[in-house]
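Dear colleague,

Here is the model I said I would pass on. My notes on the contact between the chains follow it.

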Amino acid sequence: MPQKKDLGFLNVPPAPVQGNQNTDQSKRLSDETVSRLMAIPGVDGVWVESVARNIDEVVVYITNSTALSRIPAVVENMPVRIQRGEPIRAY
Amino acid sequence: MVPIEGRVGVITSPGGAPLMDGPEVVTGVIDASQHRMRLRPAPGGISVGHFQITAGTLGCLTRGRHAPRTSRLMILSNNHVLANSNAGSIGDCIAQPGPFDGGHCPADQVAILERFVPIRFDGSVNFVDCATAWAWPDRVRRELMYISGGIRYFNVGSTPVAAVPGLAVGKSGRTTQLTSGKITAVGVTIRVNYGSGRVGVFGDQISIRAGQGDFSQGGDSGSLIWTWDARRAPVGLLFAGGSGTTFANRIGRVLDALDVNLYT
């Protein structure tokens, strides 16, 4: 829960959006790469995250360690980071 | 805030069956979880649900883009909250609070299921988990709620902005209430469990993490996600999570799929 002192911005009407100020320049994987990684049993998610300016890595979310041996170390010239977790559930 | 002063002894389910026995302890003031209570008119961020589900979150209000839906005031949430993951029928009762929080139909009805985008469980890629429910105008309100020394209300903007990594965002939801976090990735592909062995693949999603604690938990599904700044501009519709990461549909895709505009 955010601190009460940080919530003052909720007490005034929303400021207008000037055009679309957010320009998405994040990298995306090709559909082919996504399909190939998601086809590995135990892989439940794939995406690209920036770890520093101009440095991206491919995150492969796994729920089963048997997937490990089939995941490449590099994908589309980006290093792969394995994230182990519980199955993703509809909340 | 509606404080309850009482005794904690036998903890019961909403249906009254005992869940856990324990020694009776005289308590001080208990902060009843207002995001799970019955509230009229019902704001965004509060418990809601199809009469056959547990509970999710009322995201916000919308209106249709084309007649005759332009005159309809509609609740926006997930398919799995308002349409019982494809099992619902148009016209079904939507209760506030959701059934797990004690809502019953027709006594607590606020809307009827109006439209939903079917979720495909055949391995093909989904982009949204969303639905609308046609509300009685006097039973809902445009504002979202949060708790700070009582129930407080605020508006979000009606013009969406694009999700980008690093963007600070917030949400008001049934379970974890008001939280903030940051978008960690866009263009996310995930496999999502819907229970009973049903799994849906979702593409072009947004991932979010909180700096501390969880940005969301079960029951927060359907929450509107907006920029944590003066604009409070809508960004996404929360629908899934796992191991501390929250996943959301892009709000632009949601509005296009349902053919609605935000009414905030």
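Please keep in mind that this is a predicted model. I start with one ion pair: A:Asp44 and B:Arg191 form a salt bridge, with 3.3 Å between the closest N and O atoms. Between chain A and chain B the count of salt bridges is two. Polar contacts across the interface of these chains come to 16 residue pairs, both residues being at pLDDT 80 or more.

On the side of chain A that touches chain B, at least two residues each come from α1 (31–38), β1 (43–52) and β5 (89–90) of chain A. The element that gives the most to this side is β1(A), with seven residues. By class, the residues on this side of chain A are 22 nonpolar, nine polar and seven charged.

Within β17(B), B:Thr189 is the bridge partner of A:Val46.

As for the extent of the contact, 38 residues of chain A and 54 residues of chain B take part. The size of an interface is often expressed as the accessible area lost when the parts come together. Here chain A and chain B bury about 3,600 Å² between them, and carbon and sulfur atoms account for 57% of it.

Regards

Definitions and conventions. Residues numbered from 1 in each chain as written. Chains lettered and ligands numbered in written order. Predicted model: local features only at pLDDT ≥ 70, side-chain atom pairs only at ≥ 80, totals over all residues. Heavy atoms only, no water. Contact = heavy atoms within 4.5 Å. Buried area = accessible area lost by both parts, 1.4 Å probe. Salt bridge = Lys/Arg side-chain N within 4 Å of Asp/Glu carboxyl O. Polar contact = N/O pair within 3.5 Å; in protein donor to acceptor, adjacent residues only side chain to side chain. Helix = DSSP H or I, 4+ residues; strand = E, 2+ residues; numbered from the N terminus. Nonpolar A, V, L, I, M, F, W, Y, C, P; charged D, E, K, R; others polar. Pairing = 2+ DSSP bridges.
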